[in-house]
Amino acid sequence: MNSSAAAACTGQYGFGPDLVERRTVLDEAARLADRARHGQGSLLLLTGPAGVGRSALLNALAHSEAARPMTVLRANCAADEAAHPYAAARQLAGTGIAFSPGPDGAAPWELLREHAARRPLLLLVDDIQHADAPSLGWLSQLGRRLERLPVLAVVTERRQPGRTGRAPRFGQDLPAGTVHPHRIGPLTRRGVAELLSTRLGGPAPDDLVDDCLRATGGTPLLLHALLYALLTELGGPGHPLGDTPGGAFQDAVGHWLRAAGEPVAVAARMLAQLSGHPTGSADLPTLAGDSTGRVADWLHGLRAHGMLQDGSAGHLDEFAHPWLRTAVLADWSQERRAEVHHRLAALLYDRGESEDLIADHLLHTEVCGTEWAADVLIGSARTAQRTGRTTHAVRLLRRALREPLTGYRRGTVLVELGCQEVTLGPPESITGTRHLAEAVRLHQSDETIFEAANALGSALAGRGETAAALEAMEDLAERFADRPELARAVHAAAALIASHDGASWLQVVEGLRRIEARAPDGLAPAALGVLTEYGATSGLLSAAETAERIGQLTTRALDTFSRSYVNATAATLAQWADLLPLADRLVADGLAAHRGTPLHPAYQCLLSVRAESRMMRGQYALLLAELTCAEDPLGVLALNNSHLTSQAVLALLETGRFAEARQLTDAAVAETPEGGERSWEWNELLYARGLLRLGTGSPAAALADLQECGRRQDERRAISPIVTPWRSAAADCHLLLGRPGAAAELATEELRLARIWDTPRTIGRALRALGAATGGRPGLTTAGEAVELLRVDGLETELVPALISLGRLLLGSGRRAAARDTLREAVTLAEHIGALRLVAVGTELLLESGARPAKQRHTGAQALTDSEQRVCRLAAEGHSNPEIAELLHLALRTVETHLTNSFRKLGIRRRAEIAARLSDSA
């Protein structure tokens, strides 16, 4: 035993003469000692597990009143003396007695009998399980002859609690009347409380009693060491219970484990190390390599004494108190701890367990050097990425890089890792960019180099380093000079990357226009798409002309590498032209076909088109559900796309979740890298923040954002309202600030540009702003024109504001009845699409017009229609949308609409929340 552990068991905080809950055995020993003094010897056999206090009982007996008329001879058996004949018996020789046993052991017996004839003997033999064979045989002979001698032999033997006997035990072949067995068990809760009260000098707090009991199981060795640590090392009984006792307690736990044997000690440390980790079908004896049953017996004993608590499904049992777990692990190196996880990972792999389970343990190892380890880590990382656990995916891929990988495979892992790291913000994004650059150097095939460089360019542009990104793409284009299809794809990627910076974007456009002038056969589809985007946003093309270009883009044969870029461009143009079904199809096809990295510019573009199409339809709940990639309510930021963040802000605004919208906006602004303000995506964020400020009563701050957005858009020559209709919103700000002239000027310019594009959405939106700014009879006429133009299926998000503007103008002109009819229509439509902000605005105007307050409930489970109730209940049971459509004989689009409306009414964003919300409202 180490010095501090020994100090804990003797002296000031050790066992005293009055042992807690040991009076029964002490009284039995006194009774047998009295019999021995009258010539009738016997053997008292004290058994129990390690640390239970058998040695302390021998100490107490040696100094007790019962031992005073007797000669006390003592032997402490030790495992390292087991090979020396009569090592234990020699310790029992009295002073001055020469102990030279013969081959049959007669000499020790004669000496003992001679000694006992002079004075009764008390023989104390500790840990007889370690005795050498000759001494053990001699002590057995002694046991059979004790009845004729004035001798009391008290023998202790460590016996771990078990369900079956496993090894020969001392005394099992001795006469029943001679041996008096007594099993020493741990202290009960009452005994622990008594000991604590003695040490504290007063009643012990219940929580401290419970802590000590769970940490020691009532084992005296551990309990006394724990008390010593608490009272001396942690400053007394008023210690914070979360502190971990060290020193004496850790030494005692180490001694306790060594006494239990190597297999048990290894198993204990494995159990402590694996606490909280899923272990699947693995069990501790198998993991520890124990086939003797000792580990199973030890576990059985710990459960019986309350030192173990049941683990959850797929987990091992755990130590009941962290103090014990920490002490068990105290002297185990990190290498040994990692070895446990390596061994378990290999076992689970051989048993066919899941990749995620195996990878959980590989993360705690340095390197395995096996091919399967890399396979498991990479596979688990891809699963984590698909389920929105980006940080975990990054940990797994970083760990996979420590395994031996081929150059090609290492490059592939670096691309995946870098693409995910750049979404986490600094400093991880910087590391991600470096990993992507390393991947470009490692990859050997043109196709994989293109993929890696593409991701690198997007990452650099996302950090505001557009010039460096374009330089990388230019180098790539030169490398692919003899691969025209790859060169075209590089140019298309460069064009999308260039859009992050206004000056770079215009340079790319001017270069393509020069090429167009010299190209007798016309431009390649990707280049044509870029110029079409420029023509649409700069007011040079109408929606009808753009639709013709879309037809050209989608019907021409495309090479593999350019297809994704052309598809993304066509989807963007279709969305701008209000060809939403076509945009949906192009997005769905593009996302389904995408096999590259999430940083691919075309992939990011498709996500943006899908999100804006949701906003245009008023599918706010669905949009938010698609953008929330983690449990974090700001999970959209992990997508590393400011345009998507902007759409999420607008959806939160329209659904009345103003605080969340502000939180998301502030976080997005804070995470924008230096140089990111030059991106078109930053313009979108300015526009969204401007609308948020306008919608929450801050028109001056809103106007500043909207004007800055407009200035930046003008620098890019993106003047059409199809991108950010900032003029209409700025006109509303001017009007609220008492400047109708400035409002009318902006709305007039917006209407001029909208008529060039020539879609009901853009023209109707501009007419609404102009009517509100103009006021009076002309304003009513203009606002009415806007309403009629917007009465088209799919334009409800623009029709509702137009109706509200018309209702406000009617109310201002004194036509209260007409105003009420118009505003009721606006509120009904707003409720249908879940635009709760506009519901509130329309309702307030209705009350102002003299309408009675509406009593209908528009939110909660009670607001669901019968059809929505049926769809929600099937979704809560786990059915997919296609399954629900088949079960209810509905179109898939109808199911999606019902769920969108239900999400809005229930105030939820995820499918998994449906059941709880329905239950709460039941």
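Predicted model: local features only at pLDDT ≥ 70, side-chain atom pairs only at ≥ 80, totals over all residues.
Residues are numbered from 1 along each chain as its sequence is written, and side-chain values use heavy atoms, with hydrogens and water left out.

Switch to cartoon. The chain has 45 helices and seven strands. Both are DSSP runs numbered from the N terminus: helices are H or I with at least four residues, strands E with at least two. Of the 922 residues, 55% count as buried, meaning under 20% relative accessible area with a 1.4 Å probe, protein chains only. Among contacts with a separation of 6 or more, 67% join residues 24 or more positions apart. Contact here means heavy atoms within 4.5 Å.

Now for helix pairs. Two packed helices are described by the angle between their axes and the distance between the axes.

Select 23–37 and 54–62. These are helices α2 and α3, packed at an angle of about 45° with their axes 11 Å apart. Axes are lines fitted to C-alpha atoms over the stretch in contact, and angles run from 0 to 180 degrees between N-to-C directions. The angle makes α2 oblique to α3; under 35 degrees counts as roughly parallel, over 145 as roughly antiparallel, 65 to 115 as roughly perpendicular, and the rest as oblique. The crossing is right-handed, with the near helix turned clockwise from the far one by less than a right angle; anticlockwise is left-handed. Show side chains: V25, L26 and A29 of α2 meet L57, A60 and L61 of α3. By class, this contact has six nonpolar, no polar and no charged residues. Ala, Val, Leu, Ile, Met, Phe, Trp, Tyr, Cys and Pro count as nonpolar, Asp, Glu, Lys and Arg as charged, the others, Gly among them, as polar.

Next, select 796–812 and 816–833. The axes of α39 and α40 come within 8 Å and cross at roughly 160°. That makes α39 roughly antiparallel to α40. The crossing is left-handed. Residues in contact include L799, L803 and G807 of α39, and R816, L823 and L829 of α40. The contact has 14 nonpolar, three polar and three charged residues.

Last stop: Q604, in helix α29 (residues 601–617). Buried or exposed? At 15% relative accessibility, Q604 counts as buried.

Terms used. Buried < 20%, exposed > 50% of the residue type's maximum accessible area, 1.4 Å probe, protein only.
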